[in-house]
Amino acid sequence: MTARIAYCTDMEKSVLANNFEKRGWFQVSPDDEWYFYWAGAQTCRSLFSVDSGYRMNDNQMINHFPTHYELTRKDLLVKNIKRYRRELEREGSTLAARDATGRYIHLDFLPTTFMLPADYNLFVEEFRRNPNTTWILKPAGRSQGVGIFLVNKLAQIKKWSRDTKSSFNPTLVKDTYVISRYIENPLLIGGKKFDLRMYVLVTSYRPLKAYMYKQGFCRFCTVRYDTSGQELDNMFVHLTNVSIQKHGASISHPSPHPYSPQEEYNSVHGGKWPVRTLRLYLEGTRGKSRTDRLFSDITWLVVHSLRAVAPIMASDRHCFECYGYDIIIDDQLKPWMIEVNASPSMTSTTANDRILKYKLVDDIISIVLPPDGVPNVHWNKIPSPDKFGDFELLLDEEVYQNSDHHHQHTSGHRGGGKTSDRHSAPRWK
Amino acid sequence: MLRQELGTNITAIVNRLASELQNTPFYPDFLADVQTTMATQNFSKERFGTECYEWAQGTSLDTKLRNALYHLMHVQPTLLANPDTPRQVLKEPLTYIRKAQSSWERRLVKCVNSMASELAMPLARRRTKQEREELAERWADLSTDETDLTMIRPVYAPKDFLEVLASLRNPNYDESVEENLWGSIQLPLKVNDIKGLVELYGELACCCKHTGLDESVVGEYKVNLTLADERLLLGQKVVERNHGPLSRELIKSGCPTSLRGVLWHQVLGLEITDKHCKYFEELVKAVNQHELLVDKLIMKDIQLTASNDDQYFVFEDILFQVLLCFFRDTEVLSHFEHSSASPPLAVARGNTPTPDNLVAYPPCGVIPFHGFTMYAAPLSCLYEDPVHFYFTFREMYCRYWYRLHIVTSHTQGAVGLALQFELLLQSCETRLWQHCTTMNIQLLPIVFKWIVRGFSGYLVPDQLFHLWDVILAWESLEVLPVLALAVVSFRRENLMDVTSQTAAEAVLADITAMRVIPLLKLALATDRTRDREG
């Protein structure tokens, strides 16, 4: 802890700078000799690219995995999860069990999704089967709600494909789009829709080592959710992304629309509600067992998504990464994974936000640094539990393999009885 | 309190309780149940009374009757007083306190009236048809209402009320002869000292298996369960019994989160039926019919408090509904029977004021102040249904919260609690008190706002619920100054370093990280004398 580390960052964020400063580290430029680099995903990618010719030494550490897009690009994520399901099914794993209607019991955490234009025909087929569903269309590689829109008629998607004709030619396409079934029965609290942001830290993919942050938060729409579904053009109701909520007033057209955003973005709470209060509310109103089940499902959702990408991820020992998971809970208290961000915003919108993110970065650094405080690729990345801070160990395959010789991937979890629970994850909870 | 007020005239009291019970909404339903049950039993005609009585022991009818009586005595403690006592003495025995309260009321009424004339708004007005339709449409999202509230100012804030309390003097008290009071509250009221409080909250001080300490430790009786799981199982059994006093006992050692809603109802004697739903509907209609000036006050208060609170902003729409209804609910007036306060009266336009055509304004008789919303806000984390939410809030207000903003000599009134805090500070934190006195730092104004709001908005909801559990379980607000003292003790070292009022305020500005039960135990620990010297 006492080591003075040369760090480097390409982000001017106070929560980062304050953390490095508190640890007595000093900043150097990327061209100097650095030990710890907190970089944007783009910077990191170019650093790892073949062209850069940069080779990291054993005492360097960076906050992204070179191939994080396997998890964070919506199209690749969908592909990886579909493959993961198929593999489990081929192995005959109980995890891949399906119910009477053909739905996966344990692996159905991603809304039905297709890639456009590649899966266009598949999508049309699915749409014709369930004509009364709403779909959400997102560019695969963008974040913060850019370029997202909703459709509930096939004509709309046809028109869109005509308008973007040139780019719809698979060979010319720049942006792949993903189209997913829109969660039409979201859980509403106080009549408002929200999504859940959970932070997950991965320090290694092979063996998989992951941690979940206890202080997640719910992001609320500032406008009330209209269940009649006629307000498709008002994106604010549907997207709970803070980047969008913040610009709500400026994008909206000044129409006499009854649901146009009238409230200002609140600078005190920023529409963010602590996950701890969510839990209290759900336990009080829905009971303990349903609430416990929801949170354990969320844990499993994260684990499955990480296991799905672990085999193909470049598990570079210099790397660690903190992901922002966006999750929507439906009114049956089932969590749905919406997307994963590799560079969760380090901008603080409110005082509480600043405290949370400062602590988050502090806890991340505590976990990823070896006991002597100097980055070292030869360290086994097993920190002592007093370094966890507000993180909880989700999974450490190495510790787990060493402690349990009956290691079985295939043991079922939910409803599979207490013994199989213990088998598949002895260190959880 | 109940015991000492029981006069010699037991029979008269019993008769009064019986007749009062017959006036409650509980009675007709109960009578019908009794008649149905009796008709199905074969009792002999001669011994009917005795047989009935023997048969009923331990049945659910018996429990219902006991619950009803239990709650009646708690809601209207004055029923137990000597029947010869004049009403105003029952409300408030001390003349000078009575006077102070009525002059405080006059001040509030004047303030509301001048606001009405300033804004050129009537106190109440019938909505036009179009307005009624618009309101009905917007009922579910009143927070998006565009009414301009910039001109509206809260009638008063806890700080203003504290000034009034600090200015109170007992005209019969000779300061030159009697022992001096050193704090800002100068009334020689009898309040519990630390010894009395330790005795009162003894179980809390001693119990080390409280769910507010650590839920994940092993259970008290079953070592294979965690404390949380064990309490949940126990709690489910208690809930089934539906017996108020039993539920109260359970809550004393911590309330399982998932059962809190129903346990609180049992402790408060609430059973939400269709009647409640209909009554609430009527209140909603009343909101729709008339617009009141106090609506603006409470809407402004919601905006200033809950809408800006990172824990409760989610529920602002429900708060609008519940609070707008509350101010029209004339059943709230019944709490004035045992309060030193009286409802402000107004006369309908066009009428000449005679004692007969005066009505309470607002209809519930309570004028909102800055922070009033916070009595209701936490309950939104407990009840999804506005009807359940509403009646819980109303019951808690009429039992406890009303005392926090009236002038009364009651030990649980604002002035009693403020005095209790100051005396606790002097006796338990003497060094700190001395330091503050030397530096001219006043801690009471800082903690008074916590006390007046029952700490709502200052603690995170799960911790606040532990505190409110204690209030309900011991049926007393005296825990509020104890917690205030504990928080101050907890920050003692930081406070010992400050030399100005602003710095002290900064030390105590954010208490959201506080954990209620450990702090209360700390404050009530009997061997604290040693700590203090050390």
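Residues are numbered from 1 along each chain as written, and chains are lettered from A in the order written. In this predicted model, local features need pLDDT of at least 70 and side-chain atom pairs pLDDT 80 or more, while totals for chains, interfaces and linings use all residues, and side-chain values use heavy atoms, without hydrogens and water.

Trainee: How many residues does the contact take from chain B and from chain A?

Mentor: Happy to start there! Contact means heavy atoms within 4.5 Å. On that basis, the contact takes 26 residues from chain A and 30 from chain B.

Trainee: Which three residues supply more of the area that chain B buries against chain A than any other three?

Mentor: Buried area is the accessible area (1.4 Å probe) that two parts lose on being put together, summed over both. Between chain B and chain A it is about 2500 Å², with 55% from carbon and sulfur atoms. For chain B, 23% of the area buried against chain A comes from B:Phe313, B:Val314 and B:Glu384.

Trainee: Which residue of chain A forms a salt bridge with B:Asp462?

Mentor: Good one! A salt bridge puts a side-chain nitrogen of Lys or Arg within 4 Å of a carboxyl oxygen of Asp or Glu. The count between the chains is 3. With closest N and O atoms 3.0 Å apart, the partner of B:Asp462 is A:Arg276.

Trainee: Which helix gives the most to the side of chain B that touches chain A?

Mentor: Helices are DSSP runs (H or I, at least four residues), numbered from the N terminus. α12 (227-241), α17 (316-326) and α22 (461-474) of chain B each supply at least two residues of that side. With 4 residues, the one that gives the most is α22(B).
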